[in-house]
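Please keep the sequence and the structure in view while reading.

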Amino acid sequence: MISRGFLRAGAYALLLTCSSLGSAYAQSISQALTAAYDHAPDLQSALISAKASAEGIVQAKSGMLPTIGASLSGSQNANLIGGNWTSSSSLTTGLSYNQTIYDNNRTAARVEAARAAAEVAEHQIRNTEQNVLLQVVQAYMAVLSGRDLLSLRQENISFFQAQLQSAQDRLDVGEGTKIDVAQAQARLAQGQAAYQAAVSTLQTSEATFQRLVGQRPQGLSTSHGYANLVPRSIDAAIAEAEIGHPAILLAKASIRAAQAGSDAAEAAFGPTASVTGQVGTSWTGPSGGVRDGISASLGFQVTIPIYAGGAIGSGVRQANLNQIKSEVDAMGAYDQIREAVISAWTGIQSADAQISAAQAAVTSSNTVLDGVIQERDLGTATTLDVLNAQADLTSAREALINASNGKTIATFSLLSAMGRLTARDLGLPVQIKTAIPYTRAVEDVWQELRTVVE
């Protein structure tokens with residue numbers, strides 16, 4: 001007998017399935033990706049980080065630009081001398097100017113490093129974009145396959161209920177046995193447990209989908225037009241990945257940043273020269289003084305490092321090690337991307353084979369089940385034979401669902417491994433998230449005098 005708890009769970013799952021299938025709004029993979037692109041907090045965070053990195057360019061450029069300041073100070077003094085109070089006031093104003101005119105190209109190296117860091121952050125946006133979109137596809141297919149499995153297991157329960165009733169009817173007329181009834185009851189209980197597991201899995205998948213996309217899944221469909229982005233050979237896929245994958249471009253920019261950092265560290269051994277200037281006025285009251293009026297000064301300073309406690313040499317060694325590390329990391333990135341392309345490519349081939357095998361198994365299992373039922377009705381097969389044939393058919397249908405789901409995920413995984421799982425490559429109707437306009441705006445060295453328009 002089916003428990004009330006199972007009936008409630010079944011009704012809930014059936015409601016989810018029917019509402020999604022009967023919804024007037026069909027949510028394609030493209031629509032889910034579009035919604036996720038606008039919603040994803042990780043992508044927004046990467047964009048903000050890239051803008052923050054762009055500010056490093058301005059800060060680096062300031063090393064060779066003038067620093068101008070203004071000052072204003074005053075005082076009021078009172079003194080008691082010989083029983084008489086005297087008071088005086090003073091007011092001083094001034095402008096100061098300070099600029100480094102030579103630093104052995106240290107600032108230039110720092111600017112190059114900052115620009116490379118901004119480029120790294122920009123490629124990190126694209127890398128995050130690919131990760132987010134692939135997660136959305138995985139969540140989308142998890143919900144879709146979860147609903148298919150739920151429907152399949154519901155059909156399985158209906159079949160076992162029918163077999164249980166048939167076994168009970170045959171027992172009542174003396175043609176069956178209690179063993180047949182017990183076996184049918186056991187399979188029905190197993191089917192109910194599998195159904196409940198499918199309900200739980202689907203609820204989790206839908207929660208993941210809503211977290212990534214920002215809305216509940218509606219009427220989903222496996223159809224998409226992105227298979228044409230897949231190249232015809234694995235060699236072409238690897239070549240494309242090695243040229244345009246964000247992780248590869250990020251690694252190259254990291255090498256450039258490390259090289260510039262090494263140049264900046266070595267420049268610390270050289271001399272620096274700066275000029276300073278001041279102009280100001282002073283006034284003292286009530287009668288003024290001999291130093292009241294306008295004063296100005298102009299000076300320069302040349303500094304040559306002789307000994308810094310080993311800090312400069314340590315900085316150079318550290319920068320050189322970071323440069324070597326960036327090159328090693330780049331080699332690792334190439335290997336990982338190549339591995340990901342090969343894995344996704346073989347995943348597609350494997351999924352095609354599994355789909356063909358599962359389709360053949362479903363056709364065969366259907367034929368076998370029909371035959372076993374006829375044999376059972378004629379008395380040449382048992383209820384257990386029918387139950388086993390149904391289990392084989394269910395396994396084949398589940399394998400077909402999983403294989404179809406696996407092929408879609410493998411296709412998008414290949415696009416991700418190639419660096420083409422981006423909003424621009426997929427043609428999503430969104431405004432591309434990029435920090436490039438912001439970087440160009442803040443490179444205006446006088447931006448403190450104006451508002452930066454993003």
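## Two asparagines in a loop

With a relative accessibility of 24%, Asn104 counts as partly exposed, a class that lies between buried (under 20% relative accessible area) and exposed (over 50%), judged with a 1.4 Å probe and protein chains only. Asn104 sits in the loop between strand S3 (84-102) and H4, and although Asn104 is not a glycine, its phi is positive, at about 65°. Asn105 belongs to the loop between S3 and H4 and, while not a glycine, also has a positive phi of about 65°; with a relative accessible area of 55%, Asn105 is exposed.

## How to read the model

This is a predicted model, in which local features need pLDDT of at least 70 and side-chain atom pairs count only at pLDDT 80 or more, whereas totals for chains, interfaces and linings use all residues. Residues are numbered from 1 along each chain as its sequence is written, and side-chain values use heavy atoms, with hydrogens and water left out.

## The nonpolar cores

A nonpolar core here is a set of buried Ala, Val, Leu, Ile, Met, Phe, Trp, Tyr and Cys residues joined through side-chain atoms within 4.5 Å. The largest such core has 60 residues, of which Leu33, Val136, Tyr226, Phe412 and Leu426 touch the most other members. Among the helices that each supply at least two residues of this core are helix H2 (29-39), helix H4 (106-172) and helix H8 (311-378), and H4 gives the most, with 18 residues. Apart from this core lies another, of 18 residues, including Ala237, Ala251, Val341 and Leu414.

Which residues is Leu33 in contact with, leaving aside its neighbours within four places in sequence? They are Leu133, Val136, Val137, Tyr226, Phe412, Leu426 and Leu428, where contact means heavy atoms within 4.5 Å.

## The chain as a whole

The protein chain has 11 helices and six strands, which are DSSP runs numbered from the N terminus, helices (H or I) having at least four residues and strands (E) at least two. Of its 454 residues, 38% count as buried. Along its principal axes, the C-alpha trace of the protein chain spans about 135 × 65 × 45 Å. Among the contacts in the protein chain with a separation of 6 or more, 83% are between residues 24 or more positions apart.
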